[in-house]
Amino acid sequence: MGKKKLKRIPSDLVSYIQIETEAIRDSNDKMMISSYCISYLDKVNWYIDLLEVGTEKYIVPHSLAHLQMVRNQLMSCHKEIMAVKIVRPGDRPIVDIKYPKGFEG
């Protein structure tokens, strides 16, 4: 039986998660991007484990160094996701005007 080639980790994964983190508006957004990040973190950790034990069943399409770098970036992203504070709709001001910097009113 031949080796199974595993799927590549997308090169834009970390950028996508960072952009989505900036767009978090409510707890659903936060949970969705957190789950997405953790699922890839699990996959990256599994790939690292496969490389470290020298598996005969799978072909891992990344180097160990690359996967460790992605893992560190994903852990940093997840920390940022969890640091986002959700403002409940009732706590927001009714009229929230963003004035330009230096505006004295």
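This is a predicted model: local features need pLDDT of at least 70, side-chain atom pairs count only at pLDDT 80 or more; totals for chains, interfaces and linings use all residues.
Student: In what pattern do the helices and strands follow one another along the sequence?
Tutor: Let's start with the parts list: the protein has three helices and two strands. Read along the sequence, these elements give the pattern β-α-α-β-α.

Student: How much of the protein's accessible surface belongs to carbon and sulfur atoms?
Tutor: The accessible surface comes to about 8,100 Å². Of the 105 residues, 27% are buried. As for the accessible surface, the share that belongs to carbon and sulfur atoms is 55%.

Student: Within what arc do the buried residues of α1 fall?
Tutor: Helix α1 covers residues 13–22, and its buried residues are Leu13, Val14, Ile17 and Thr21. When you look down the axis of α1, these residues line one face of the helix, because they fall within an arc of 95 degrees.

Student: Why can residues three or four places apart point the same way in an α-helix?
Tutor: It comes down to the turn of the helix. Residues three or four places apart point the same way because an α-helix has, for each turn, 3.6 residues.

Student: Which exposed residues does α1 carry on the face turned away from its buried side?
Tutor: The buried side of α1 packs its residues against α2 and α3. On the face turned away from that buried side, the exposed residues are Ile19 and Glu22.

Student: Are α1 and α2 roughly parallel or roughly antiparallel?
Tutor: The axes of these two helices come within 10 Å and cross at roughly 160 degrees. An angle over 145 degrees counts as roughly antiparallel. So the word for α1 and α2 is roughly antiparallel.

Student: Which residues of α2 make the contact with α1?
Tutor: The crossing in which α1 passes α2 is left-handed. From α1, the contact uses Leu13, Tyr16, Ile17, Glu20 and Thr21. From α2, the residues are Ile33, Tyr36, Cys37 and Tyr40.

Student: What is the C-alpha separation of Glu20 and Ser34?
Tutor: Glu20 belongs to helix α1, while Ser34 belongs to helix α2, residues 27–53. Glu20 counts as partly exposed because its relative accessibility is 31%. Along the chain Glu20 and Ser34 are 14 residues apart, and their C-alpha atoms are separated by 10.0 Å.

Student: Is Ser34 buried or exposed?
Tutor: The cut-off to remember is that buried means under 20% relative accessible area. Ser34 has a relative accessible area of 10%, so Ser34 is buried.

Student: With which residues is Ser34 in contact, leaving aside its neighbours within four places in sequence?
Tutor: Ser34 sits in helix α2. Once the neighbours within four places in sequence are left aside, the residues in contact with Ser34 are His78, Ile81 and Met82.

Student: At roughly what angle do the axes of α2 and α3 cross?
Tutor: These two helices are roughly antiparallel to each other. α2 passes α3 in a left-handed crossing. Their axes come within 9 Å and cross at roughly 155 degrees.

Student: Are α1 and α3 roughly parallel or roughly antiparallel?
Tutor: The axes of α1 and α3 come within 10 Å, and they cross at roughly 5 degrees. Angles under 35 degrees count as roughly parallel. So α1 and α3 are roughly parallel.

Student: Which residues in α3 meet α1?
Tutor: On the α1 side you will find Leu13, Val14, Ile17, Gln18 and Thr21. On the α3 side, the residues are Gln73, Leu74, Cys77, Glu80 and Ile81.

Student: How far apart in space are Ser76 and Val14, C-alpha to C-alpha?
Tutor: Ser76 is found in helix α3. With a relative accessible area of 41%, Ser76 is partly exposed. In sequence Ser76 and Val14 are 62 residues apart, yet from C-alpha to C-alpha the distance in space is 9.7 Å.

Student: Is Lys85 buried or exposed?
Tutor: Lys85 lies in the segment after α3. The C-alpha atoms of Lys85 and Arg25 are separated by 9.2 Å, though the two are 60 residues apart along the chain. Exposed means over 50% relative accessible area. Lys85 reaches 70% relative accessibility, so Lys85 counts as exposed.

Student: By what distance are the C-alpha atoms of Val87 and Ser27 separated?
Tutor: Val87 also lies in the segment after α3. At 41% relative accessibility, Val87 counts as partly exposed. Val87 and Ser27 are 60 residues apart along the chain, and the separation of their C-alpha atoms is 9.3 Å.

Note on methods. Residues are numbered from 1 along each chain as its sequence is written. Side-chain values use heavy atoms; hydrogens and water are left out. Helices (H or I, at least four residues) and strands (E, at least two) are DSSP runs, numbered from the N terminus. Buried means under 20% relative accessible area, exposed over 50%, partly exposed in between (1.4 Å probe, protein chains only). Accessible areas come from the Shrake-Rupley method with a 1.4 Å probe; for residues, only the protein chains shown count as cover. Contact means heavy atoms within 4.5 Å. The arc is that of the directions from the helix axis to the C-beta atoms. Axes are lines fitted to C-alpha atoms, for helices over the stretch in contact, and angles run from 0 to 180 degrees between N-to-C directions. Angles under 35 degrees count as roughly parallel, over 145 as roughly antiparallel, 65 to 115 as roughly perpendicular and the rest as oblique. A crossing is left-handed if the near helix is turned anticlockwise from the far one by less than a right angle, and right-handed if clockwise.
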